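Hello,

Here is the structure we spoke about. Please open it and keep it on screen while you read the notes below.

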Amino acid sequence: MSADSDFEILLVTVPGLEAILCAEAKALGFRSPAVMTGGVTVRGDWRDVWRANLCLRGVSKVLIRVGSFPVAHLAQLDKRARRFPWQEFLSPTVPVRVEATCKASRIYHAGATKERIERAITEELGAPIDEDADLCVKVRLHNDLCTISLDTSGDGLHKRGHKEAVNKAPMRETMAALFLRQCGFTGSEPVCDLMCGSGTFPIEAAEIAANLWPGRSRHFAFETLPSFDASAWQALKDSAKPRQPTHRYFGSDRDPGAIRISQENAERAGVSTYTEFRHSTISEAQRPEGPPGLVILNPPYGTRLGDKKKLGGLYRSIGQTLSSRFHGWRVGLITSDQSLAKATGLPFTTPHAPVLHGGLRVTLYTTPPLAE
């Protein structure tokens with residue numbers, strides 16, 4: 001695959017947020033964005049692969065489809081895998097790992113599939129297999145069609161590279177970015193999170209407002225590929241156009257440790273000038289000075305029997321604080337239980353589609369600006 005090849009790029013995301021990621025890809029000028037289950041496909045070349053990893057805030061992984069062929073049995077898989085043009089996109093000196101899945105196919109053994117592909121790569125190309133390798137070849141057998149993809153990201157893209165400390169039950173940055181977009185946030189208003197944990201929402205909002213690319217601080221698997229052009233990559237990174245935010249981004253939490261973690265993370269992300277974190281309970285929380293904006297919260301969900309009853313009081317307190325002190329602000333609240341959202345007494349509109357988060361289905365509930 002040459003540098004100017006045109007191919008399909010798969011932008012992986014959390015099921016339920018595909019349409020929001022599609023809107024982000026379209027806004028950033030990616031070609032032919034189309035929603036599919038678990039992601040969005042676009043067309044492009046290697047520079048678009050680099051740009052997707054560097055610039056898209058809501059994508060979890062960036063995969064490229066490098067080829068496919070029909071197979072009916074393992075001997076055929078072995079033969080066709082050996083004829084596959086691995087040298088076009090893999091280097092013989094860079095370790096790789098292989099992941100395989102099989103569904104609705106005559107070859108049903110993922111382990112045997114993985115073994116055949118690994119053998120083809122090592123014996124035909126010479127590249128070493130390493131289960132800890134950054135570079136991953138993904139093999140999918142579905143309806144007797146073997147599709148081979150390459151994970152160009154390496155570590156999940158929620159790992160921005162500048163957030164070392166996390167609090168318990170963190171929300172991934174990629175998901176937080178898509179929820180902010182789903183709330184209508186574009187960077188032109190303040191954001192406030194009254195249960196900020198490690199500061200994900202305020203930091204993500206500040207980065208959006210400052211036009212800081214999410215992948216600016218990290219390494220990607222595509223940097224080890226034969227197609228990688230270090231000078232072109234540096235030129236792409238140098239083309240960034242940061243801007244000065246016109247608002248501030250606030251977080252508060254009842255845990256003093258969370259405030260310290262949030263401040264440290266904001267400092268590492270380069271947005272401490274635009275963020276402010278305070279130690280405060282929900283009932284003590286005060287509206288920030290300045291114009292109204294977006295309040296976004298990800299409270300505890302209460303997955304065990306009896307938790308819901310205990311959490312009812314917390315959700316009522318959230319509703320009381322916002323209703324009495326945050327007139328003019330919109331609210332985005334993420335929870336796994338409609339009755340907890342209802343307990344706030346806030347004027348939520350039709351809830352958005354549920355999204356998988358930490359093994360649970362969670363839903364974003366949003367309000368119009370709160371009336372006095």
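Which residues line the largest cavity? Keep in mind that this is a predicted model. The lining consists of Arg-160, His-162, Lys-163, Glu-173, Thr-200, Ile-203, Glu-207, Asn-265 and Ala-269. Helix α6 supplies three residues, the largest share of that lining. The elements that contribute two or more residues to the lining are α6 and α8 (256-269). Sorted by class, the lining has four charged, three polar and two nonpolar residues. The space inside this cavity is about 50 Å³.

The count is two cavities of 30 Å³ or more. The second largest cavity holds about 40 Å³ of space. Around the second largest cavity are Asn-53, Leu-56, Leu-157, Lys-159, Arg-160, Pro-214, Gly-215 and Arg-218. Its lining has three nonpolar, two polar and three charged residues. Arg-160 is listed for the largest cavity and also for the second largest cavity.

Now the helices. A pair of packed helices is described by the angle between the two axes and the distance between them. Helix α5 (residues 173-182) packs with helix α6 (residues 200-209) at about 65°, and their axes are 9 Å apart. Angles of 65 to 115 degrees count as roughly perpendicular, so α5 is roughly perpendicular to α6. The crossing of α5 past α6 is right-handed. On the α5 side, the contact is made by Glu-173, Ala-176, Ala-177, Phe-179 and Leu-180. On the α6 side, Thr-200, Phe-201, Glu-204, Ala-205 and Ile-208 take part. This contact has seven nonpolar, one polar and two charged residues.

Regards

Note on methods
Residues numbered from 1 in each chain as written. Predicted model: local features only at pLDDT ≥ 70, side-chain atom pairs only at ≥ 80, totals over all residues. Heavy atoms only, no water. Axes fitted to C-alpha atoms, helices over the stretch in contact; angles between N-to-C directions. Helix = DSSP H or I, 4+ residues; strand = E, 2+ residues; numbered from the N terminus. Parallel < 35°, antiparallel > 145°, perpendicular 65-115°, else oblique. Left-handed = near helix turned anticlockwise from the far one by under 90°. Contact = heavy atoms within 4.5 Å. Nonpolar A, V, L, I, M, F, W, Y, C, P; charged D, E, K, R; others polar. 1 Å grid on protein atoms, 1.4 Å probe; cavity = no way out; pocket = protein on both sides within 12 Å on 5 of 7 lines; lining within 4 Å. Points joined across faces, edges and corners; volume = space filled by probe spheres on them.
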